[in-house]
Structure formats: structure tokens, C-alpha cells
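Subject: Structure handover

Hello,

Here is the structure you are taking over. My notes on what was found in it follow below.

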Amino acid sequence: MAQITEPVMSAGPRHSSTQQRRAPRLRAGGAGGQSKGGPLAYLFLIVATLVSLFPLYWTVVAASRTDTELVTPPTPLLPGSHLIDNLKIVWDQVDMTKALINSTIVAGCVALSTVLFSTLAGFAFAKLKFRGRNALLTIVVATMTIPPQLTVIPLYQIITNVGWVGHLQSVILPSLVAAFGVFFMRQFLSEALPIELIEAARVDGAHSLRIIWSVVFPVARPAMAVLGMLVFVQSWNDFFWPFIALSQQNPTVQVALAGVGSGNHQIDHAVVVCAALVATLPLLLVFAVLGRQIVSGITAGAVKS
């Protein structure tokens, strides 16, 4: 019996040492590890990056050329020396400084209000029980199917009656909240915010505003950052309604672009592209400053404890 038992007892350490040698391999290739990319992966990423950056590069090339150079073959592929001249023409034709300030005010106010109201409404639809909750949510989602062109005439009549034509509030107030934002925050909070956390806060004596400030907002911060970025970009690029409600004397960027490059009954394409480049740079700056925080917030919100 001793001869049989001794090999069995010695087999345990050998088996455990084999598992220890295999464990790092499992961790390296497991669900929580990172796999090393091959040459094809790097090649694909390089090609995708170049394709994505080419429109921006071409905008810089076209903005630094003259209209004659753009329409004369062969098409130039390198930046020229007329960028400063084109910028001067843009500022001479429209008040681009005022347009940039107006767009910053409009996009900032719309983004902040949409994030705030959408988070509050999303929390109510996700975690509060009240009569008609599902019916109201269905109505909110259904409003996303209404084309914005149908609301132009009654909305313009309203701002005309209150004397807001040509003023920034005519663009800001109709966009204070969006149905997409409410639905987006509702879906996020339904999964990310445990009901037990809210009940624990109520047991500790926290009132509704304290729960929203100390519990809901910290949990919803990743989704709020993403929604804020999306709404800011959408509001910055909005042209249809600001073109109707505002004028060239008090424009946003997109409204100002409509009056660029059309002097002498001939469109100067280089000047138009130069103005478009000026309108794009603030968005690139915002993403460069906040992009890392947004991505890290999404990653942190995706990890469940």
C-alpha cells in the first residue's frame, strides 16, 4: 500500500505545477487579456486611418489653393500658398468671428440642456413607477418618426409672434430636449443603475434631488458624455432651421457658409472649402480635448462589478 500511495501523493505537485505553467497562457489569451496583433492587423489599421484622414487632408489642400488651380487638371495633391488669402476673403465676405461665437453658444446650450433633461427623463422612465409610463415612453419614441420639415411652419409662426426671428433663442429653445436623448439615457440607466442603489439611498434619508445628484449623475456620466458630444456636433452642423430663423447679420457657422464664395455671380470653390475648414476646426478641437475622457468613460461604464 505504501508503494501505491507514494506515487499518488507525488502526482499532486506535478499536476499543480503543470497548471501553474499553463495559467499564464490562459490569462494571456482569456477574456480579460490582450492578444498581440499581427502584421495584417496593423496594415488594416493604417489603411483605415489614411482613408479616414484623406477628406480632412484634401480640405486643407483645397483651402490653400485658388479656384483656378482646383478646376485645372491635374488635380493638386499638395497644399498651396493661398490659405491666408482665402481666409481673408472669408472674413471679408461674412462675419465668421460672430458666426463661430454664435455656434458655440447655440451648440453649448443645446448640448447642456439636452443632456440634463434627457438624463432626468431617462431616469424617470427607467427607475420610477408611475401611471402611464410605457404609454408616455411610446409617445416620446414615436416623435422621432416625425420629419422636422413638418414643424417648420408652426414653429416659425410662433417665433414670429414672440419677436424672436433673427435671434439665437429661436434656435436654442426648440432644441432644449430631444426624444433620442431621452430614449438613449433610459436604455443606459435601465442596465447601469441598480434599483438597490436607489433604495439604499432612500433608506439613508436622501431625497429625490440628492439621489439624482449623488447617485444618478455619477452612474450616467459615461452616457452623458457621449450624448453631449453627439448633440453638440449635431447642433453645430445644423443648417435647415437656423437658415430659416436667423439671418446673415446674426448667423451661426452653417448659415454664414451659405453666403461665402458667391461673389460676382461665380462660386469660388477654394474660398468655400476654406470656410468649411474653419467651421470644422472647432469640432476637431473639442474632440481632441474631450475624446479621451469620453472613450475612457465608455470603457469604465462597460465594466460590471
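The accessible surface of the protein chain is about 19800 Å², and carbon and sulfur atoms account for 67% of it. Please keep in mind that this is a predicted model. The chain has 305 residues, of which 30% count as buried.

Its secondary structure consists of 14 helices and zero strands. Among contacts with a separation of 6 or more, 70% are between residues 24 or more positions apart.

The region around helix α3

Helix α3 covers residues 67-71, and D67 lies in it. D67 is buried but has no salt bridge. The nearest side chain of opposite charge is that of R65, 12 Å away. A salt bridge needs a side-chain nitrogen of Lys or Arg within 4 Å of a carboxyl oxygen of Asp or Glu, so R65 does not qualify as a partner for D67 at that distance.

What does the side chain of D67 make a polar contact with? The partner is the side chain of H269, at 2.9 Å. Leaving out residues up to four places away in sequence, D67 touches Q266, I267, D268, H269 and A270.

A search of the whole structure finds one salt bridge. R65 forms a salt bridge with E69, and their closest N and O atoms are 3.7 Å apart. R65 has a relative accessible area of 17% and is buried, while E69, at 29% relative accessibility, counts as partly exposed.

There is also a cis peptide bond to note, joining P73 and P74, with omega at about 0°. P74 sits in the loop between α3 and α4, the latter being residues 83-93.

How many aromatic pairs does the structure hold? There are five. One of them is formed by W213 and F217, with an edge-to-face arrangement: the distance is 6.0 Å centre to centre, and the angle between the planes is 70°. The pair counts as edge-to-face because an angle over 60 degrees between the planes puts it in that class.

Why are W213 and F217 separated by about one helical turn? They are four residues apart in helix α11, which covers residues 208-237. Their accessibility values can be set side by side: W213 counts as exposed at 63% relative accessibility, whereas F217 is buried, with a relative accessible area of 17%.

The loop with N250

N250 is located in the loop between α12 (240-245) and α13 (253-257). Is N250 buried or exposed? With 16% relative accessibility, N250 counts as buried, because the cut-off for that class is under 20%.

The side chain of N250 takes part in two of the listed interactions. At 2.9 Å, it makes a polar contact with the side chain of N102. At 3.0 Å, the side chain of N250 reaches the backbone oxygen of G166. Apart from neighbours within four places in sequence, N250 is in contact with K98, N102, G166, H167 and L168.

Regards

Conventions
Residues numbered from 1 in each chain as written. Predicted model: local features only at pLDDT ≥ 70, side-chain atom pairs only at ≥ 80, totals over all residues. Heavy atoms only, no water. Helix = DSSP H or I, 4+ residues; strand = E, 2+ residues; numbered from the N terminus. Buried < 20%, exposed > 50% of the residue type's maximum accessible area, 1.4 Å probe, protein only. Lys, Arg positive; Asp, Glu negative; His and termini not counted. Polar contact = N/O pair within 3.5 Å; in protein donor to acceptor, adjacent residues only side chain to side chain. Contact = heavy atoms within 4.5 Å. Phe/Tyr/Trp six-rings, centres within 6.5 Å; stacked < 30°, edge-to-face > 60°. Areas by Shrake-Rupley, 256 points an atom, 1.4 Å probe, with all protein chains shown as cover.
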